[in-house]
Every structure is written in C-alpha cells, then in structure tokens.
Amino acid sequence: MELARKFKSLFSTVPMLGWMLGTLVAVLIEYYWGYDYISYYLGLPKIPVLFGTLIMLKEPLMIPGALGYDLIVYIIPILTVAKLTTGLTNPLAAVMEKLPLALSVLIHLVLFYGVLQLWAGINDYRVLVIKLTMISIILTVSINVINGYQGEFSCSHPGFMAIGAYVSSTLTLILFANDKIFGAALLPPSLGPWLFPIALIAGGAAAALGSLAVAIPSFRTRGDYLAIISLAFMFIVKSAVENLHVIGGARGMGGQPDFAPLHVIFIWTMLCIWIIHNFVTSIVGKALNTVRDDEAASESMTIKTRKTKMTAFMFGAFWAGIAGGLFAHVLAYINPGMFSINRLAEILAMVYFGGLNSIVGSIVGAVSINILGEALRPLELFKWIIIPLILIFVMIFRPYGLISFKEINAKRLLKARHKRTPGSDHVSSEKELGA
Amino acid sequence: MRKIALLTVFAICLAMILTPTAFSARKTIIKIGINAPLTGDIPKVGEGSKYAAMLWLEDIEKAGGLEVGGKKYEVELVIEDNESKAESAVKANTKMITQDDVLAIVGPQSSKQAVPSGEVANKYNTVMISPWSTNENTTLDRPYVFRGCFLDPFQGPVVANFITDEFAFTKAAVLYDVANDYSKGLAEVFKAAWEKKHGAGSVVAYESFTTKDTDFSSQLTTIVKSGAQVLFSPQYYNEVPLIVKQAKNLGWKGPIVGSDSWGSAELVSLCGKDCNGLFFSSHYAAAGAKGATKAFIDRYEKTYGYIPDDVAALTWDALKLAEQAIQNTGKITGKVAKDRTAVRDALAQIKDFAGITGNMTFTQEGDPIKCAVIVKINDEGQFEFYKSSCP
C-alpha cells in the first residue's frame, strides 16, 4: 500500500499531455518494432491483441512472453516518457490553460485520436473492437439520461436503436448504393460520406419520434409500469421490422455502404459525450434530477415534469438512434434479431456496471464490458459465468455502479501539475474526475 | 532507480537496432479458422463443427502435416466462438483474418452470421466456406465465399416434389417461425413450389409463430381443421418435438415433413417415439451410410459418443475442400495475401469433389451443385436414408 502511494505521488506531476506523449511513444514502438523484434524475441507468433489476453488464455505457456511484451511496449515506455517529459509537458499544459477551454480540449482530442488511430492501425481487429466499443459508449451514455439522470427504468433502447439503424440504412441504401431491395442509387455514391450525417440524424429523429410512444403513456405510470411499457415498445418495433418485407423482414438488410470509418465514429462519440454532458448539467438536467428524486415536490417548484420527462426520453432515444445507424454501417448488415432482449441485457449491464448519473461511469462501463467480453473470448462458455459474477460483485459492493454521481471536469483534467499534490492517493485528483 | 530504467530501455533499443532486420522467416504454418456458435442458441451445432474439425486435424497430424507441392506444412486450427450473434461472428472473422493470418475460414454455420461474415471475408480476400448456410445472400456477388450445402430455393421444391410423389397429396399446411430468417425463407419457397404444382390455394393453412414460443395449439388447431393432408415445418431441432407432440395431441394424423434443420442428434432424444416415421430433407443420412461416410460416422461416434449431425459432416467436407484447394495451389509462398488468392482460385476450379455428403462442383457463385437426401426417422429413432433427389 505504501509502495502504491509512493508510486502515485511520483507520477502526480504528470499532466494529461504527458500521458498522451507516453502513449504515443509506446504506440510508435509497437508500430515499428512490435512484430519484427519484440514479439519475435519473446517467442510470440504475432503482436498480441488486447494486451495479450487472448493468447494468454489460449496458451498459458505464452503468459511470460505476453506480459513481457506489455511491459516492454506499454508500461515502461509510458511511465518513463510521461515522467521524464514533465519538464516539457507541464509548461505546455500551462500555456494551454490560458487558451479557451474548448480549444484546449479540441487539441487534446485530436492528439488522442492520432494515438488511437496509430494503435488501431496495426490491426483491423482492433479497429473493429474500438468501433463497436465507441458505439456502446453512445448507447450507454444515452440510456444513462433516462435510467440514471431521470431515474426511470426504460427498456426500450434496443427498439430506438433498431429504428435508427433501419431508417438510416434505408436512406443510405436508397440514395447511395445499388442493391437488391431498392435498386440503383439515386445520388452519386461519392456524395455518400458527406450526406451520411443527415441520414444518421434522420434515424435519430425517427427514434426520437418513436420514443413518444413510450413517453406519453409514461405520464400516467411510474416505476415498474414504465419498464413494462418500454419493454413492450421494444417488442413492437422488433415484430414490426420482422414483418416488413420491404426492408428485408427476418432475413435482414445488408449491403450498407461503408460510411463509418474510425474517425467518423470517433467524432460522433465525442459529440455525443459533449452534448449529453451539456444537457445533463443544464437547467433541464437539474430538473431531471428533481423529477427523479421527488416528482410531486418538483412539480410544486414550478418544474414542468411532463415536458422534462418527454425531453429526456426523446433526447436519449435520439442518440440511441444515432448509435443504431452507426452500428448498421459498421456491420453492413442488420436483422431484427440483433435488437432484442439480449441487446437490452447488454446495454443495461453496461450502464449499471459503469455507474448511474455519471457520464464517466457510462464510458467506463461500456469500455470495460466490451473489452472484457472480447478478452475472455477464448473461455467460451466460462465467459458467461465470469462476466455475470463480476457484475454481481459490483452490484453488491457498489450498488450504483463503479463510478456514479460524478461529472467530467475538463479543466481539472487537462491542467498542468507542477507540484506534487499531497493528497494524490485520493481518487479524484489522480483520475480525470472532479466534483 | 531512474538510471536503471533508462539503461534498460536504452539497451533494448540498442539490441533492436543492431540485430539484422532479416530474421530467419518465421515458420510457415497453415492456419484454418473455424467460426462456430459454441455458445448461444444452437451450441450443439457449434460442438459438431468443432469436433469434426478436430478429427480432421488429427488426420493431418497423423500424416505429419499437410503436403503442398512436395513439402509438409504444420496445420493449426483457430477455433472462435461467435456466440450465435452476427456482430460476434464479424469480430471473429476479422480477428482470424487480420490477427491470426488464417489461410481459409470454415463457418459460420447459420445464415444470420454467415451473411455479414461473408462480407468481411470477401473484403479481406480470404476464402470462407460456410458449411451449413442456405441463404443465397451468403455467396451472392462474393467471389471469396463458398458454401458446402444446397440452397433454400433448391430444398423447398425438393420437399414439395417428394411429398407429391410419395403420398400423392394435394393439400398441404405450413407452420413456421416468422422471426427466423431461415424458417421463413424456406416456408415461402415451399409454398411457392407447392402452389405451382397443385394450383393456387393448395396450401390450405400457412401459420406462423415467433421464436421461443412453446405453445402452438391455436396454429395447430387451425391446421388440423383446414383439412391439410401433410404438414411442412422447417424448424430447428429444438422446436420440432414440441410441434410434433402438440400436433398429435390435437388429433393430427398425417405425416409431418421437415427440412435440413431437423438433422440433429438431439431431435430424437427430445422427441422420443413421436418423431418416428417422419421425413425430412437433409444433406446426408447416418443410418445405412456407406464408404467414406460410414467411416466418418463410426469414427466420430467412437471418439465423441454420438452419431454426428449433418453440420459435422458438412464441416468435414468443407475442411476437406479447403485441404484439396490448398494442395491444388501447388505451393505455399508464406505470403498470406498471395496464398489466399491462390486458394480461392484453386477452390473455384474443383470439379466433382467426392465429399461424404455427396459430390460437389461449384457454380460461378460458389454454391455447390449437389443432391439432397430425404431422410426417414426409422422405428429405432435413427436417421435412415430414404431417397435421393438431385437437381
């Protein structure tokens, strides 16, 4: 414990910029030497993905090799570079502190994206995992608006996602692709990537309209009843799509053009986080919390509870629709079976695992459930014992999820750290969280 | 502390720079990917594919590796679980192609996973053979995707012809799962084929239900009342016993005919005596098999304790096809991209391949031209060869 504290205080002077620089160096090492040198000398068949978990679980003999790889490629370079460059990165961070916050955040994001792109570029499998993880982040953050901030238990997210996926795919297929269902493209396909956001937003808007079907009956009901209504909504959407032959029915709809490369999904994810963060910290967001805590009291305090609930529902549904549209274009195939109770279980697991009422929590939940699911892949059936067990333990020891009731504080996150902070073993100062 | 760390990093960097770039090339291993539903809705299917693949690997290992152009290469299987989910199958395919450098992929089995996975395989120019997917979109416009079985548009008319020839019935009923693309597609094809033969309205009842329904009494009552002489139900093996039992209880007397999805060892153990005497179309029949088919069945039963399903037999054939194609390329260069294209070209040219599920020649689309088998569940509850029906 003493050692951990020392370790933490040693690295407490490293600003965000320093960590990014360290990661960049690590990624460059992997990029140039990962395959030919490092993994070769460690006796690994290839650069290990997901930090070697896949290979470790499959062939236990490879554990030292994979761990050594992580140490050489990631841990040592990141720590040394981050620490050694504090003299350079801290003044830089101090300069950026003087810039407008939005600009500073933008610079950091661009840097972060560069690192991510380099890291994922080594292997297309990483790209796919990151894409699907980011889509999960959008889904989790958006369901948190309803289930976390508003405190209702909504189960209709897969339904919203399906609406978004089908509407945006239909649009892109009609407009930009030659396919069997809708025939030749109406517009030149080269316009596709530019007009794709419109198709996505149309999908989101359709989902938001659909959400009224849940929101309006929910004025009369509370708690469990809302869960049932929203569950019913999900099944209605699924059966409706199954029986619509125009859009493929149960056979599904395939051949969506590839409009969702990594950077597009990254931009949408960041937009989603930013907008939802602003939404939940706005007056409407505060109103949401009061509705959650006591509806009658907030009504008497002149909050229009109906309007608040409806806005939150439509807002959450809109982003679920966007996530659905991106999902459809990543897989280039959708069928109604994808948007059923299994998907719901997955989304709920992510949001309750990560934490209610917190965007950071949602991100943590989405990333950890996705990465865990991928990393434990070789265990096959046992994966479905281990992940639920982890969930149960989290629910027992942290009933509101890993990180709950905390907001992102960008300013605090990106600031320069000249001095060692004495209370650095405290979570909030070390991590990116603020009050 | 810092000095030591620095020194280590420096030493490692130095070692890397000083070593000649031209390492002795890593050993060329032929890797074959298996994309199977080991967990999820149809785990038995995944198990069958996995076991068949393991038997195949055993053969290769016994021979000391796969011989290509006079050289023996070590073979490795990469078995991935697709959880019976589309996105998982896509992930598995991407992983096997970009991370594990597989030369060819066998699987996924059901169309739901095979259609999107085929897109991935085709994008990365890697041969994929789906042993069991009957949806035409799996191979359509995808030069790198092949399959080991016949298609739904072929199977539907085969069943319709068989019933007409065998029983001389004119009125049929259909019970299918509306949420299952396979079942729904086949039901539609059968209906079209039957009505073409016997005139419009000859399908007197066309009833549907949704996946995971367990009570079919209202649909079955309609069917019994409709005066149909035969019931066609293209369901997966886990739903068939429920349908058959409930139909009998409601007074259904006629035969019930199914499709290749019935062909699982589980069917008889779930259904018991009720299923005896029923027919279904399939890829092969275990009871009364001869030659290589029998050898495979015996070996599988001896190793794993039960008679293999059609999925296992088809996976075996798909692996044998891949093996043949790899051998036909003449040489392995060690450059995966080049080898994959060579395997694809060799596979497309295979003619009259003698598989244990019948002879195969690929069409332009990568679909095999092969015969269907009508299987009867005999009184011992075995799947018995009854009739063969060729295109």
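**Confidence first.** I began with chain B of this predicted model: its mean pLDDT (the predictor's confidence in each residue, from 0 to 100) is 88, and 95% of its residues reach 70 or more. The model scores ipTM 0.87 and pTM 0.88. Helices (H or I, at least four residues) and strands (E, at least two) are DSSP runs, numbered from the N terminus. Over residues 17–24 of chain B, pLDDT stays under 50. Where pLDDT is low, the predicted coordinates should not be read in detail.

**Ground rules.** I kept in mind that local features need pLDDT of at least 70 and side-chain atom pairs 80 or more, while totals for chains, interfaces and linings use all residues; side-chain values use heavy atoms, without hydrogens and water. Residues are numbered from 1 along each chain as its sequence is written, with chains lettered from A and ligands numbered from 1 in the order in which they are written.

**The sheet.** Next I traced an open sheet of six strands in chain B, order 2-3-1-4-5-6, with mixed pairing (two strands pair if DSSP finds at least two bridges between them). Its edge strands are strand 2 (66–68) and strand 6 (145–147) of chain B.

**Strand 1.** Strand 1 runs parallel to strand 3 (residues 71–81) of chain B over eight bridges, and I30(B) stands opposite V75(B). Three bridges join strand 1 to strand 4 (residues 104–106) of chain B, also parallel; here G33(B) faces I105(B).

Note on methods: Contact = heavy atoms within 4.5 Å.
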